[in-house]
Amino acid sequence: MTPFTLHGIPVSRGIAIGRAHILAPAALDVQHYLIADDQVEAEVSRLQCAIAAVHAELQNIWNELPPDAPAELGAFIDVHALILSDPMISEMPLDIIRSRYYNAEWALVTQIEELSAQFEEIEDTYLRERKADIQQVGERVLKALTGSANFLPKVDGAEGGASMIVVAHDISPADMLQFRDRAFSGFITDVGGQNSHTAIVARSLDIPATVGVSNASTLILQGDWLIIDGDAGVVVVAPTSVVLDQYREKQARQLRERKKLGKLKKTPAITLDGTAITLLANIEFPDDCGHALDAGAHGIGLFRSEFLFMGRTGHPHKLPTEDEQFASYKQAVVAMKGRPVTIRTLDIGADKPMDFAEQTALNPALGLRAIRFCLAEPQMFMTQLRAILRASAFGPVKMLIPMLAHAFEIDQTLAMVERAKAQLREEKIKFDSVMPVGAMIEIPAAALTLPLFIKRLDFLSIGTNDLIQYTLAIDRVDHEVAHLYNPLHPAVLYLLSTTIAIAAKAGVPLSVCGEMAGDIQMTRLLLGMGLREFSMHPSQLLAVKNEILNSDLQVLVPATRKIARLFEPKAIAEAVEQLRLQGAPQ
């Protein structure tokens, strides 16, 4: 077979080499037929039994989670169980059967496709990718209806140490559990992105993975030799023996380097010239705190609160209560044992995913999202503010507000925080009266009017993902323009460097919590700009720490100033690469 290469999105670093195992999805192209009136209740009962069977299956998987299973797996199984219980899945297909006389499979697929289309319109990338969870739950029910299932073979490790690389259209977190007891070394999916559950689980399991590899499951054949380069997002199909040897050597080198990194967990993050750097973790769930502590994080720099609202779409009366939110926030605060926890308020998409029936946004990226949405829904926002404040009584908490751009937005937000404090005082509920409130700097307008933010807020956090997206006017999850997403664009570097410099001069704490913070290619550049606080996925922390330990700011700072004066993309890329060589003394 002639070798060829596929490209996707790198989501979990490392090299994987093995034979392809194609994981066939449940057929979404199910039989479509109308049923007779006297068959309706029997068809309803058949779908109800399938849903009940999947509930039992998820519960069994959750009960049998091994002690060393990443916390993300249990949390994602909970999310799938919640989605399965949502009336949009558990009741609406039954109504379709009764009203349209569709067979059970057709009714289920009809509802799944409608929900998927609604999620596709959401601007927020994290929430948009939850569409995959809806589809994965639907596929699991379809398997129960049709009696189909995926089985992974046992692999004995023969044939030159070959292991299994799973290739699928998509993989659910629950399905990933069955891989733990097999010779599973990596996976490739047709769909997915940086924030898909598949990607998050891959990082937590530390398994090389590439997602968004269009048509991989149809182009790759069962048993093909594969190489996954998780650093570059490259998949090599049917590699030559020379290429195999090169990647095996690279794989062995990476394993040696990882073992060395493991020894850095308790080593302080201090540069060669003696500058202390703070390393924080980004988390999605309270249970992620254990991974953050294991990696040596000084605290949580970004706790995304969106997961609490998952599965609540279309049902405003089922939004998480204050007590539900408080319990989750408190769990994270207590788990961090006195280390600070930064909780970001709800950052949802522009098209009101809480109520799909009233979608009006013509351009979701520029619409009612994040703080704009929260200020438009004051009751919901007040519930969250009270829950965060209550959690602050159990340890250091900081509140982070996303997508602020205007002074009046800051003032309205702070006024609501004060109102929440007043309510809690009146109810004699404890909280930290001086809890810091900060802003995400992710809109160019915010970066260019930073004094407005410094005057009103306690700290800042740069969200590089959105800052780059808005600066370059591209949707980074749109494959047609994704190649334009460039963190080294001179405009992006200007906004980053000036924001960091202005905050430092004003004495306002500032961190970077976007993807750039966990990219070791960018570590020394950010250090040279003056960044002293990084927040990233726990799995990236030790690699970044290693870069810091081998960096000399006396060399980096002047070199970074020269980069700031460059405008040609090629010259910038070469200078940043050279910076990695200049960080440590030769």
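Modeller: Three aromatic pairs are counted here, where rings of Phe, Tyr and Trp (its six-membered ring) pair if their centres lie within 6.5 Å; planes under 30 degrees apart count as stacked, over 60 as edge-to-face and the rest as tilted. One of them is Tyr-102 with Trp-106, stacked at 3.6 Å centre to centre and 0° between the planes. This is a predicted model, in which local features need pLDDT of at least 70 and side-chain atom pairs count only at pLDDT 80 or more, while totals for chains, interfaces and linings use all residues. Residues are numbered from 1 along each chain as its sequence is written, and side-chain values use heavy atoms, with hydrogens and water left out.

Colleague: Are Tyr-102 and Trp-106 buried or exposed?

Modeller: Buried means under 20% relative accessible area, exposed over 50%, partly exposed in between (1.4 Å probe, protein chains only). Tyr-102 is buried at 16%, and Trp-106 is buried at 18%.

Colleague: Why is the pair of Phe-326 and Phe-394 tilted?

Modeller: A pair of aromatic rings is described by the distance of the centres and the angle of the planes. For Phe-326 and Phe-394 the centres are 5.9 Å apart and the planes at 50°, so the pair is tilted. Phe-326 is buried, with a relative accessible area of 13%, whereas Phe-394 is partly exposed at 40%.

Colleague: Which charged end sits over the ring of Phe-326?

Modeller: A charge sits over a ring if NZ of Lys or CZ of Arg is within 6 Å of the ring centre and within 35 degrees of the ring normal. Over Phe-326 that is Arg-390, 4.1 Å from the ring centre.
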